[in-house]
Structures are given as structure tokens and as C-alpha cells.
Amino acid sequence: MAIREIREMGDAILTKKSKEIKKLSFRNKILIEDMLDTMYDKAGVGLAAPQVGVLKRIVTIDIGEGPVVLINPEIVEEDGSQTGEEGCLSLPGKWGIVTRPERVKVRYFDREMEATEIEGEGLMARALCHEIDHLEGALYADLVEDGLHDVSEKPPMQEEEESIEQEKEDSHETGDKQEEV
């Protein structure tokens with residue numbers, strides 16, 4: 001199929017609500033294959049149709065367990081909460097801390113337009129929420145808790161862990177004993 005251009009933050013299409021799919025036309029099937037090819041080519045975890053310039057309610061996700069294609073996805077249940085890093089192909093080179101549900105249940109149509117559901121936890125729940133937000137014209141940048149950061153900046157948790165490791169190494173080298181907390 002084809003690799004499509006990813007629309008980036010600032011492109012008006014990313015702020016518009018996507019239209020529901022009534023039937024899976026040949027063009028929609030090509031769009032799905034192109035979205036999967038584009039997602040894999042750009043090393044993404046998920047991709048929503050608006051990100052490739054098409055206002056249709058189609059999402060592709062692969063968190064390492066094989067591709068999932070969701071048509072007209074709708075979150076019908078959510079539970080718990082998780083806070084963590086998020087990035088987006090439409091905001092290249094950026095990341096931010098976002099709180100999402102720990103578990104979600106999503107109702108959608110598969111590639112045969114059969115109604116089905118998927119439950120996701122952890123990364124899958126985060127990906128489902130993130131991509132469905134795109135269909136509503138929302139970006140994760142609207143939800144970040146500490147602003148957007150450049151990818152070259154280390155996440156606060158990683159900096160803290162590295163600092164603790166460095167302190168341990170330093171105390172070992174100098175012979176200082178440090179109390180572990």
C-alpha cells in the first residue's frame with residue numbers, strides 16, 4: 001500500500017470531529033492498509049485517520065501484540081487511573097505526562113463491520129484513549145500535566161532513578177555508607 005503524510009499539531013484537520021463509517025468501502029479498506037503501513041513505518045503504537053488527513057472514525061493500534069483495527073470506536077467503560085508519558089506522531093520530538101484510565105472497554109466494528117468489544121489495560125488502555133481522542137479533534141497536548149517536553153529531555157522518573165544510581169556509585173567509590181530508604 002502507501003505511506004501517508006502525518007499531519008502535525010497546528011493542522012486544522014486535527015481539531016475537527018471525524019465522521020462515522022456507515023459501510024466499509026474499497027477506499028476505506030485502502031485507508032486502513034495505508035494507516036497500518038504508515039504507523040509501522042513511523043514506529044508508532046497507534047494512528048487515527050485524521051492524522052493522515054482523513055476525517056473518518058478509524059483507528060489502528062499495535063502495542064506489540066499484532067494490529068488492531070477499530071472502526072467507529074466508542075469507550076463504554078473505564079476504570080482506575082494511570083499517569084505516564086505520552087507522545088504522538090502528530091507532535092514529533094515531544095512528550096508529556098498524561099493521566100488516563102487504567103482499564104477501558106471499547107465497542108467498535110472490525111474490518112468485516114462486525115460489532116465487537118475490546119478491553120485494554122495499561123498501555124493498550126492509554127493507546128485506545130489517545131487514538132479515540134484524535135477522532136474527537138483532541139490532542140494529548142491538551143491534557144499534559146507538566147507541559148510538553150523535547151524528546152531529548154529525560155522524564156522526571158528516569159532522572160530521579162539515574163540520580164539515585166549515581167549517588168550509589170559515588171558513595172561506593174568514596175567508601176561512604178548510604179542508608180537505603
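Trainee: How many bridges join strand 4 to strand 5?
Mentor: Five bridges join strand 4 (residues 82-86) to strand 5, and the two run antiparallel. Strands here are DSSP E runs of at least two residues, helices H or I runs of at least four, both numbered from the N terminus. Strands count as paired if DSSP finds at least two bridges between them. This is a predicted model, where local features need pLDDT of at least 70, side-chain atom pairs need 80 or more, and totals for chains, interfaces and linings use all residues. Residues are numbered from 1 along each chain as its sequence is written, and side-chain values use heavy atoms, with hydrogens and water left out.

Trainee: Which residue in strand 5 is the bridge partner of Glu-85?
Mentor: That's Ile-97.

Trainee: And what does Lys-94 stand opposite?
Mentor: Asp-150, in strand 8. Strand 5 and strand 8 pair antiparallel over two bridges.

Trainee: Why is strand 5 called largely enclosed?
Mentor: Because five of its seven residues (94-100) are buried, meaning under 20% relative accessible area with a 1.4 Å probe, protein chains only; exposed is over 50%, and partly exposed is in between.

Trainee: Switching topic: where does Ala-138 lie?
Mentor: In the loop between helix 2 (123-135) and strand 8 (149-150). Ala-138 is partly exposed, because its relative accessible area is 23%.

Trainee: What is Ala-138 in contact with, beyond neighbours within four places in sequence?
Mentor: Leu-14 and Asp-133, where contact means heavy atoms within 4.5 Å. Ala-138 and Leu-14 are 124 residues apart in sequence, yet 7.1 Å apart C-alpha to C-alpha.
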